[in-house]
Amino acid sequence: MSNMYFLPSHEYARVEGNIAYIGISKYAADQLGNVVYVDMPEMDDDTVAGEEFGAIESVKAASDLFAPVSGAIIEINEELIDNPRLINEDPEKHWIIKVEMNNPAELDGLLSPEAYAEHCANEKH
């Protein structure tokens, strides 16, 4: 079983135990182009599934970031402050925030990697 879950808006949650690493998908990074800025929340803030937690800007566009899961933000990826383009290099390695989930059942409402790939394919038409 995969530990990757996706929102239709292209955020992912990579789950390890009760911790979710949240970032944007490779598809989203490719669509955005060169990422120039990531607006991240503060440590100890809470995320609410489906609600905005920050924003990402590229040379082409700016997009809000939505939380796939609810919980407490236990870490932000400080590497992205100085080098947001790391997201373009490997968006799954360079997550944006790390969240301690308070309702793992929310994962059931997210897309599997297969369903997400199908969603992306349909979006291109």
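View 1. Residues are numbered from 1 along each chain as its sequence is written, and side-chain values use heavy atoms, with hydrogens and water left out. As the model is predicted, local features need pLDDT of at least 70 and side-chain atom pairs count only at pLDDT 80 or more, whereas totals for chains, interfaces and linings use all residues. Rings of Phe, Tyr and Trp (its six-membered ring) are taken as a pair if their centres lie within 6.5 Å, with planes under 30 degrees apart called stacked, over 60 edge-to-face and the rest tilted; two aromatic pairs are counted by this rule. For Phe6 and Tyr116 the ring centres are 4.2 Å apart and the planes stand at 10°, so this pair is stacked. Phe6 belongs to strand β1 (residues 4–6) and Tyr116 to helix α4 (residues 113–123), so the pair ties together parts that are 110 residues apart in sequence. Helices (H or I, at least four residues) and strands (E, at least two) are DSSP runs numbered from the N terminus.

**View 2. Tyr21 and Trp95, an edge-to-face pair.** The centres of these two rings are 5.5 Å apart, with 65° between the planes. The pair links distant parts of the chain, Tyr21 lying in strand β3 and Trp95 in the loop between α3 and β9, 74 residues apart. Tyr21 counts as buried because its relative accessibility is 13%, and Trp95 is buried with a relative accessible area of 10%. Arg14 lies over the face of Tyr21, at 4.5 Å from the ring centre; a charge is placed over a ring if NZ of Lys or CZ of Arg is within 6 Å of the ring centre and within 35 degrees of the ring normal.

View 3. Strands β1 and β2 pair in the antiparallel sense over three bridges, two strands being called paired if DSSP finds at least two bridges between them. Strand β2 is largely enclosed by the rest of the structure, because five of its six residues are buried.

**View 4. The open three-stranded sheet, in the order β4-β6-β7.** Pairing in this sheet is antiparallel, and the edge strands, each paired on one side only, are β4 (35–39) and β7 (62–66). Neighbouring strands are turned by 20° against each other on average, direction ignored; axes are lines fitted to C-alpha atoms, for helices over the stretch in contact, and angles between N-to-C directions run from 0 to 180 degrees. Four bridges join β4 to β6 (residues 52–58), with Val35 partnered by Ser58 and Tyr37 opposite Glu57. On the other pairing, five bridges join β6 to β7, Ile56 stands opposite Ser63, and three residues lie between the two strands of this hairpin. Of the seven residues of β6, five are buried.

**View 5. The nonpolar cores around Ile87 and Phe6.** A nonpolar core is a set of buried Ala, Val, Leu, Ile, Met, Phe, Trp, Tyr and Cys residues joined through side-chain atoms within 4.5 Å. The largest has 29 residues, and those with the most contacts inside it are Ile24, Ile87 and Ile96. Among the elements that give two or more residues to this core are β2 (11–16), β3 (19–24), α1 (26–32) and β8 (71–76). Residues up to four places away in sequence aside, Ile87 touches Ile24, Ala29, Val35, Val38, Ile56, Leu80, His94 and Ile96, contact meaning heavy atoms within 4.5 Å. A second, separate core of eight residues includes Phe6, Tyr12, Tyr27 and Trp95.

**View 6. Lys98 in strand β9.** Lys98 is buried, with a relative accessible area of 15%. Beyond its neighbours within four places in sequence, Lys98 is in contact with Ile19, Ala20, Tyr21, Ala72, Ile73, Ile74 and Glu75.

How values were computed. Buried < 20%, exposed > 50% of the residue type's maximum accessible area, 1.4 Å probe, protein only.
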